[in-house]
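Biologist: I would like to learn how to read helix packing. Where do we begin?

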Amino acid sequence: MNQSVKQAVLWTGLVLAPMAWFASLEANFALASFACSGHGKSMLFLVSGAAFGLAVASGLLAWTQRNFHKRLAVSGAVVSILFSIVIVAQAIPNVMLGGCE
């Protein structure tokens, strides 16, 4: 891999988890009325699961570049772990509450 590809992979690993969290947050707000109207909460679970998967993949992507730039790779992995926790924390109300609460 050349230098610019490694940098692109590293930066993708650093910013993908926050972007996945933000997309999940916005999608959950947009789909709240859909869940409330009786169509079920499966879409909310799907969005949270996809965001969690992207956040974990982001951390793994950043971690693979630790030989190239250690501090940035570790930072990307830590950011991904933290945003994965936030995504799970935001999914808890979808599990515990009804669609309209």
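Modeller: With the axes. They are lines fitted to C-alpha atoms, over the stretch in contact for helices, and angles run from 0 to 180 degrees between N-to-C directions. Two packed helices are described by the angle between their axes and the distance between the axes. Keep in mind that this is a predicted model.

Biologist: At what angle do helix 1 and helix 2 pack, and how far apart are their axes?

Modeller: The angle is about 175 degrees, and the axes lie 8 Å apart. Angles over 145 degrees count as roughly antiparallel. Helix 1 is therefore roughly antiparallel to helix 2. Sorted by class, their contact has 18 nonpolar, six polar and no charged residues.

Biologist: How do helix 2 and helix 3 cross?

Modeller: At roughly 170 degrees, with axes that come within 8 Å. So this pair, helix 2 and helix 3, is roughly antiparallel too. Their crossing is left-handed. Helix 2 brings residues including Phe 45, Phe 52 and Trp 63 to the contact, and helix 3 brings residues including Val 74, Ile 87 and Val 95.

Biologist: Which residues make up the largest nonpolar core?

Modeller: Five residues: Ala 17, Ala 20, Ala 51, Ala 55 and Ile 87.

Biologist: What is Ile 87 in contact with, beyond its neighbours within four places in sequence?

Modeller: Trp 21, Ser 48, Ala 51, Phe 52 and Ala 55. Of these, Ala 51 and Ala 55 are also core residues.

Notes. Residues numbered from 1 in each chain as written. Predicted model: local features only at pLDDT ≥ 70, side-chain atom pairs only at ≥ 80, totals over all residues. Heavy atoms only, no water. Core = buried A, V, L, I, M, F, W, Y, C linked by side-chain atoms within 4.5 Å. Buried < 20%, exposed > 50% of the residue type's maximum accessible area, 1.4 Å probe, protein only. Contact = heavy atoms within 4.5 Å. Helix = DSSP H or I, 4+ residues; strand = E, 2+ residues; numbered from the N terminus. Parallel < 35°, antiparallel > 145°, perpendicular 65-115°, else oblique. Nonpolar A, V, L, I, M, F, W, Y, C, P; charged D, E, K, R; others polar. Left-handed = near helix turned anticlockwise from the far one by under 90°.
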